[in-house]
Amino acid sequence: MDRAPQAGRFGIVVLMKNWQAIAQAHGLDLSARDLERVAPPLAALEEVFRPLVKQLTPDMEPDLELHLYGEGE
Amino acid sequence: MTIREAAAGLRARRFSSVELATTALARIERHQAGLRAFITVTASQALDQARQADRELAAGIDRGPFHGIPVAVKDLFYTKGVRTTGGSKAYENFVPEINATVVEKLLAGGAVMLGKLNMHEMAYGITSANPHFGPVRNPWNPEHSPGGSSGGSGAAVATQMAFMALGSDTGGSIRIPASFCGTVGLKPTYGRVSRFGVLPLGYSLDHVGPLTRSVRDAALALNAIAGHDPRDPASSRFPLVDFVPDEDCSIRGVRIGYPDTFFFENLHEDVELAVRGAIARAESLGALVEPVRLPDMVALNAVARVVLLAEAAAVAEPFMENRSQFGQDVLALLDQGRLVPAADYVNAQRLRRKMRSEFDEVWKEVDCLIAPATPSPAPRVGDTTIRLGGREEDVRLATTRLVRGVNALGYPALSLPCGLSASGLPVGLQIIGAPFEEALLLRTGAALEDNGVGIPPCPAA
């Protein structure tokens with residue numbers, strides 16, 4: 001993680017995900033060793049990312065264009 | 001010798017381009033076994049180009065500052081007829097039929113192409129310990145990492161194998177090797193330099209830029225490669241300027257923000273000392289240095305990671321049937337990316353827009369920021385954790401934590417060496433600016449460089 005997770009930073013409980021089940025649902029059959037490389041970083045990222053998502057309101061649009069300042073073609 | 005000095009020497013006939021290329025090729029041969037900076041060396045082609053450059057200069061044809069100057073490019077830039085691997089097995093037999101736009105521009109400017117530089121596999125990592133083409137080593141101490149993903153670019157410039165090397169930066173991949181190898185590295189604004197003909201890692205995060213021996217050389221390189229390219233859908237039409245700072249450039253009155261939270265937390269003491277020294281030098285030169293509070297950088301890094309995980313997984317999807325062709329670290333990241341839900345990618349892009357509008361407010365208070373490029377000097381090869389500020393951190397996350405967020409914002413950032421650690425390793429700072437303010441960053445960097453901020457040449461050069 002970029003810094004120690006702050007539990008309850010926004011008063012939101014982050015549910016633990018079953019990464020192995022999610023991987024299987026994606027058709028990804030990870031060995032125990034692979035899972036060890038995948039799950040902890042994703043779980044740590046989840047702890048920071050999920051509370052941020054909860055702050056979003058419907059009017060906030062994505063930044064999906066591939067140019068920053070309306071200059072591209 | 002810098003590009004400017006070499007260009008002057010060529011025109012004064014003190015030496016020829018063939019002599020410069022021959023010297024560069026000899027350095028490559030001397031260092032290749034130990035540093036593995038190159039994947040492919042195009043010696044014969046380089047000498048042909050150097051001979052042509054000499055003939056043209058003798059005939060009064062002058063293509064500009066790169067005429068006759070030996071350079072090299074990271075092995076993810078398309079080079080016509082020359083294998084382009086991306087440091088991976090996935091592309092090991094890929095021989096492009098075209099040049100990347102930036103390669104085309106350099107060749108049109110008379111540059112002499114020495115070859116293709118080693119890198120982290122797929123540009124997806126910060127060690128450049130490439131499992132297929134050998135690990136790049138740090139020329140200041142081969143027991144330490146050169147950084148990455150443009151590790152070969154950093155090693156080649158630090159050892160004067162090349163006057164300039166092109167790199168790419170998706171989450172710090174120019175600034176990290178520049179910091180660890182003691183070179184200048186410039187990540188321009190997103191859209192300023194064409195990505196056409198560059199193997200992608202993260203479409204909305206990839207930037208192309210130079211690593212050089214001096215700030216003014218980086219400016220010369222940006223002059224050579226910047227500009228609108230209709231073949232890159234993200235390319236900007238923002239007006240170009242001459243990016244090269246004046247000889248007596250001043251930073252008097254420039255408002256430099258000093259982000260004391262986040263960027264100055266959990267640092268190696270030698271890094272903190274060197275960067276604070278450079279900031280004090282800026283103040284002594286008349287810059288207005290003031291503390292500035294930034295929006296949530298931890299959140300920004302998380303957003304940037306979600307975007308990169310998803311985009312890189314999308315890029316690599318066609319290659320995933322053969323999992324064994326990837327190194328374990330890259331495979332783990334690609335697998336992580338495949339587990340990011342589509343909704344999270346979209347939400348990360350929503351957060352990215354929100355955060356950019358928050359960060360844009362910073363430019364009302366200051367003209368640029370000065371901060372460390374990396375929180376520590378180059379870690380030892382093989383280290384997976386590093387202790388900083390009394391806590392243990394994953395080396396990859398620690399190394400990218402001060403650089404990654406800037407990619408999500410698309411802002412320009414210039415890394416330059418500002419000191420040596422007690423163990424003799426380079427320390428780098430970064431100057432971050434508002435969109436398309438590269439000229440200001442380069443002027444600030446040049447003023448610092450002109451006034452003693454820097455390091456001696458790498459002893460291995």
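How many residue pairs are in polar contact between chain A and chain B, with both residues at pLDDT 80 or more?

A: The count is 10 residue pairs in polar contact between chain A and chain B, both at pLDDT 80 or more. A polar contact is a pair of N or O atoms within 3.5 Å; within protein, one has to be able to donate a hydrogen and the other to accept it, and residues adjacent in sequence count only if both atoms are side-chain atoms.

The largest share, 11 residues, comes from α2(A). Helices here are DSSP runs of H or I with at least four residues, strands are runs of E with at least two, and both are numbered from the N terminus. By residue type, the side of chain A that touches chain B splits into 23 nonpolar, 5 polar and 12 charged.

A word on the ground rules. This is a predicted model, where local features need pLDDT of at least 70 and side-chain atom pairs count only at pLDDT 80 or more, while totals for chains, interfaces and linings use all residues. Residues are numbered from 1 along each chain as its sequence is written, chains are lettered from A and ligands numbered from 1 in the order in which they are written, and side-chain values use heavy atoms, with hydrogens and water left out.

Now the whole interface. The contact (heavy atoms within 4.5 Å) takes 40 residues from chain A and 51 residues from chain B. Between them the two chains bury about 4,100 Å², 60% of it on carbon and sulfur atoms. That area is the accessible area (1.4 Å probe) that the two parts lose on being put together, summed over both.

Next, the charges. Side chains of opposite charge can pair when their charged atoms come close. The rule finds 3 salt bridges across the interface of chain A and chain B, and a salt bridge here is a side-chain nitrogen of Lys or Arg within 4 Å of a carboxyl oxygen of Asp or Glu. Arg356(B) pairs with Asp63(A), their closest N and O atoms being 2.5 Å apart. There is also a network of salt bridges that links Lys17(A), Glu46(A), Arg50(A) and Asp344(B). Over all chains, the structure holds 25 salt bridges.

Asp344(B) and Arg356(B) are both among the buried residues of α11(B), so that helix deserves a look. Buried means under 20% relative accessible area, exposed over 50%, and partly exposed in between (1.4 Å probe, protein chains only). Other buried residues of α11(B) include Asn347(B), Leu351(B), Met355(B) and Phe359(B). What covers them includes α2 of chain A, along with α9 (297–316), α12 (362–365) and α14 (404–409) of chain B. As for its length, α11(B) has 19 residues (342–360) and should span 27 Å at 1.5 Å a residue, which agrees with its end C-alpha atoms being 27 Å apart. The expected span is 1.5 Å times one less than the number of residues.

Chain A's α2 shows up again at α10(B). The buried residues of α10(B) pack against α2 of chain A together with α9 and α13 (395–400) of chain B. The buried ones run from Val330(B) and Leu331(B) through Ala332(B), Leu333(B), Leu334(B), Asp335(B) and Gln336(B) to Gly337(B).

For comparison, here are two salt bridges within chain B. Glu56(B), in helix α3 (residues 43–58), meets Arg63(B) at 2.6 Å, N to O. Glu56(B) is buried at 11% relative accessible area, while Arg63(B) is partly exposed at 36%. Glu393(B) and Arg391(B) meet at 3.8 Å; Glu393(B) counts as buried at 3% relative accessibility, and Arg391(B) as partly exposed at 22%.

Technical notes: Ala, Val, Leu, Ile, Met, Phe, Trp, Tyr, Cys and Pro count as nonpolar, Asp, Glu, Lys and Arg as charged, and the others, Gly among them, as polar.
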